[in-house]
Each structure stands twice: as C-alpha cells, then as structure tokens.
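These are my notebook entries on a structure that I am reading for the first time. I record what I looked up, entry by entry.

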Amino acid sequence: MAEKDMDQLNSNRNQVIVRTSIIGILANVLLAGFKAVVGLIANSIAVVLDAINNLTDALSSIVTIVGNKLSNKAPDKKHPLGHGRVEYISAMIVSAIILYAGVTSAIESVKKIINPEKPDYTPVTLIVISAAIVVKIVLGLFVQKKGKQVNSGALEASGKDALFDAILSASVLASAIVYIATKGKVSLEAYVGAFISVIIIKAGIEMLGGTISEILGKRADTETSKKVKEILNREPEVRGAYDLLINNYGPNKNYASVHLELPDTMTVDEVDVLTRKLEMNVYKETGIILTGVGVYSYNTSDTEVAHIRNDVQEMVMAHDWSLQMHGFYLDIEKHTMRFDVVVSFDIDPKEGIDIIRKEVKEAYPEYELNIIADLDIAD
C-alpha cells in the first residue's frame with residue numbers, strides 16, 4: 001500500500017464518517033420532532049423520552065463529526081504523531097451520552113411507576129411510533145455497517161445506539177397496543193421504559209469500556225501481528241521476528257517496533273540495507289510504520305553452540321508460563337550466554353527469570369548469564 005493510497009484511504013474514510021453522521025443528524029432531528037409532538041399530545045412519558053433519546057443521538061453524530069475533524073489535524077511539535085486518538089475520545093463521549101440517556105430514562109420511568117399518569121394513545125400515535133421503528137432499524141444498520149467499513153468506533157457506537165432506540169420504540173408500541181387492547185386497564189409503558197433503560201445503560205458501559213481500552217492501548221490484532229511477522233520472515237537472512245510492539249495513534253495510524261534474529265556474520269551496512277527494505281515492505285503491505293528495528297545475533301559457525309542452545313531451550317520451555325525463547329547467543333571464549341524469554345501474565349517476570357537463571361546456571365556454571373524477560377505483547 002503506497003503512501004498515496006494511504007492518503008486516499010484516509011480521505012475517503014473521513015468523507016464516509018461525515019456523510020453518515022449528517023444523515024444520522026437529520027434523521028434523528030426529524031424523529032425527535034414528530035415523537036415530541038405525539039408524546040405531548042398523548043401524554044406519554046415513554047414517547048417523550050424516546051424523542052429526547054433521538055436528540056442525544058443527533059448530538060452523538062455532531063460529536064462524531066467534530067472528533068473526526070480534530071483527529072485529522074496535521075502533526076505539530078507538541079503532537080508529532082498526529083491527533084488520531086481524538087477520535088477515540090469522541091467515541092467515549094458518544095458512549096457517555098448513551099449512558100446518560102439510559103440513566104435519565106430510568107429515572108423518569110421510575111417516577112412514572114410511582115406516580116402513574118394515563119396516556120391517551122391514538123391511531124396516529126401508533127403510526128408515528130411504527131414508522132420510527134423502521135427508520136431507526138434502517139439507520140442503525142446503515143451507520144453500523146459504515147462504521148465497520150471505515151474502522152470508526154464512534155460510528156459503530158452510534159449505529160448500536162440507533163438499534164437500541166428501535167427496540168425502545170418497539171417496546172413503547174407494544175405497551176401502547178396492550179393499553180388499547182385492555183381499554184386502559186393495563187399500562188406497561190413506565191415498566192417497559194425502566195427495563196429498556198437498563199439495557200441502554202448496559203450498552204453504554206460496554207461501549208465506554210471498549211473505547212477506554214483503545215485509549216489505554218490493547219493487544220495488537222492477531223491477524224495483523226502474523227501478517228507483519230510473515231513479511232519480516234520472508235527475507236532469507238531473518239531467522240525470526242520477535243517482540244513486535246504495535247502502538248496505535250488512531251484508526252489506521254499504527255507505529256511498530258520489532259527485534260530480528262540475524263546471523264552474526266552480517267555487517268552493519270548489510271543490516272542497514274535489510275531493515276530499510278523491511279520497513280518499506282511492511283508499510284506498503286499493511287500501512288504500519290516500522291519505527292524501530294532491534295537485532296539479535298545468532299551463532300553460525302559452532303555446532304557445540306547449537307547443542308547448548310537446544311538444551312537451554314528445553315529447560316526454558318519446560319515451564320507452562322514460559323512461552324518462547326529467542327535471541328540466544330553464546331560466546332564460548334568470553335564464557336557469556338544471553339537470551340530472552342517471553343513470560344506469560346501468569347507469573348511475575350522477575351520470579352520466572354530467577355527460576356530459569358538458577359536452572360541454567362546449575363547446568364552451565366562456567367557461563368555468565370544475561371537473561372531478559374519479555375512480556376507476551378503480540379501473537
């Protein structure tokens with residue numbers, strides 16, 4: 001993927017986000033107006049709350065547009081890696097709006113349970129609510145689909161919220177039908193509103209948690225990690241790619257570092273040529289910028305080293321919490337041995353390395369050991 005293609009991709013992505021958000025704003029403002037009028041005429045708290053919920057959806061779409069615009073500001077001295085993470089903050093705000101709408105709806109529904117009021121549903125009321133359900137389902141599926149296409153958490157959150165609104169409106173419609181069918185003897189709208197409020201609150205908490213996870217920095221996608229390593233291992237000089245760390249600075253803005261295991265016969269110039277080639281290949285095929293390439297050297301001329309390496313690896317991998325050993329190098333003349341061990345989160349890294357150091361030292365007391373613990377940060 002060339003740089004020009006990446007710029008075009010980002011430009012198309014921004015257009016989709018803004019266009020989809022504007023559609024959402026218009027649809028929600030119209031729905032809110034119709035529902036508010038019908039709710040006030042019918043004296044229905046459920047319909048009025050539904051209208052307010054549509055207004056919060058419109059506000060969510062506005063936040064999405066603003067967040068997208070801010071996230072695409074050019075890098076500056078204060079933020080040299082750009083402003084891409086602003087989009088995650090906007091997704092968090094959208095989630096908070098959803099959560100607020102759920103809590104507000106719950107409070108109002110409980111009030112109506114304690115002090116019930118008789119609604120006055122008409123055929124027009126049922127038609128408006130039915131139409132709102134259809135519009136919300138279509139809008140929710142559309143926005144969610146576009147959000148997945150362009151990897152926008154804010155759009156996906158807005159799409160999910162629209163689908164929840166459709167469920168809320170359907171519940172209001174059902175309670176209205178029950179009320180009419182029982183000739184006003186059974187009024188369920190306040191209870192239905194309270195139940196749906198709980199569902200909305202749950203959805204808001206889950207969306208908020210997912211967005212916070214993005215901001216904190218989460219484990220790289222397995223497919224992406226494997227793709228990057230496959231590109232690196234494609235070169236004959238590379239015996240292995242390890243310690244891959246992908247840092248995300250917004251949708252489609254990823255920077256990575258990695259360690260490569262290379263033969264001890266390579267010169268610095270050869271390593272420089274190789275790493276530049278790999279950086280270009282990774283960017284072209286994944287859009288990920290490889291900012292740092294560390295090097296492990298491996299022995300190429302001594303069969304005794306291979307025997308010792310296999311023996312040490314067997315000791316290391318005998319532990320369930322020891323996931324991988326790499327970067328092994330043995331200097332027989334200087335009596336030094338060094339390697340890294342990927343330790344799982346099931347044990348304290350220092351404790352794990354101490355156990356391995358003790359076992360290896362007992363087997364090879366004449367060697368000075370340099371063992372480093374690596375965290376299980378990528379597949």
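**Entry 1: a surface patch**

I began with the surface, where Leu 59, Ile 62, Val 66 and Leu 70 make up a nonpolar patch with about 330 Å² of accessible area together. Patches consist of residues with over 30% relative accessible area and no salt bridge, like charges being joined within 9 Å and nonpolar side chains (Val, Leu, Ile, Met, Phe, Trp, Tyr) within 5 Å. Accessible areas follow the Shrake-Rupley method with a 1.4 Å probe, and for residues only the protein chains shown count as cover. I located Val 66 in helix α2 (residues 45-71). Helices (H or I, at least four residues) and strands (E, at least two) are DSSP runs, numbered from the N terminus. The relative accessible area of Val 66 is 44%, so I noted Val 66 as partly exposed. The classes are buried under 20% relative accessible area, exposed over 50% and partly exposed in between (1.4 Å probe, protein chains only).

I noted the basis of these entries: the model is predicted, local features need pLDDT of at least 70, side-chain atom pairs count only at pLDDT 80 or more, and totals for chains, interfaces and linings use all residues. Residues are numbered from 1 along each chain as its sequence is written, and side-chain values use heavy atoms, with hydrogens and water left out.

**Entry 2: helix α3**

I found Ile 93 in helix α3 (residues 86-114). Ile 93 is partly exposed, at 38% relative accessible area. The C-alpha atom of Ile 93 lies 7.8 Å from that of Ser 60, although the two residues are 33 apart along the chain.

**Entry 3: helix α6**

I then checked the length of helix α6 (residues 189-216): its 28 residues reach 40 Å from first C-alpha to last, close to the 40 Å expected at 1.5 Å a residue. The expected span is 1.5 Å times one less than the number of residues. Among the buried residues of α6 are Gly 193, Ile 196, Ile 200 and Met 207. Just after α6, Gly 217 has a positive phi of about 105°.

**Entry 4: salt bridges**

How many salt bridges does the rule give? I recorded 12, a salt bridge being a side-chain nitrogen of Lys or Arg within 4 Å of a carboxyl oxygen of Asp or Glu.

Asp 376 pairs with Arg 219, the closest N and O atoms being 2.9 Å apart. This pair links distant parts of the chain, 157 residues apart: Asp 376 is in the segment after β6 (368-375), and Arg 219 is in the loop between α6 and α7 (222-233).

Glu 230 and Lys 227 form a salt bridge at 3.9 Å between the closest N and O atoms. Because they are three residues apart in helix α7, about one helical turn separates Glu 230 and Lys 227.

A further salt bridge joins Glu 235 and Lys 277 (3.1 Å, N to O). Glu 235 is in the loop between α7 and β1 (240-248) and Lys 277 is in helix α8 (residues 268-286), 42 residues apart. Glu 235 is buried at 11% relative accessible area, whereas Lys 277 is partly exposed at 43%. I also noted one network, in which salt bridges with shared partners join Lys 227, Glu 230, Arg 234 and Glu 285.

**Entry 5: strands β4 and β5**

Is strand β4 (residues 322-331) largely enclosed or open? Seven of its 10 residues are buried, so β4 is largely enclosed by the rest of the structure. Seven bridges join β4 to strand β5 (residues 336-343), and the two run antiparallel; strands pair if DSSP finds at least two bridges between them. Tyr 329 has Arg 338 in β5 as its bridge partner. In the hairpin of β4 and β5, with four residues between the strands, His 335 takes a positive phi near 55°.
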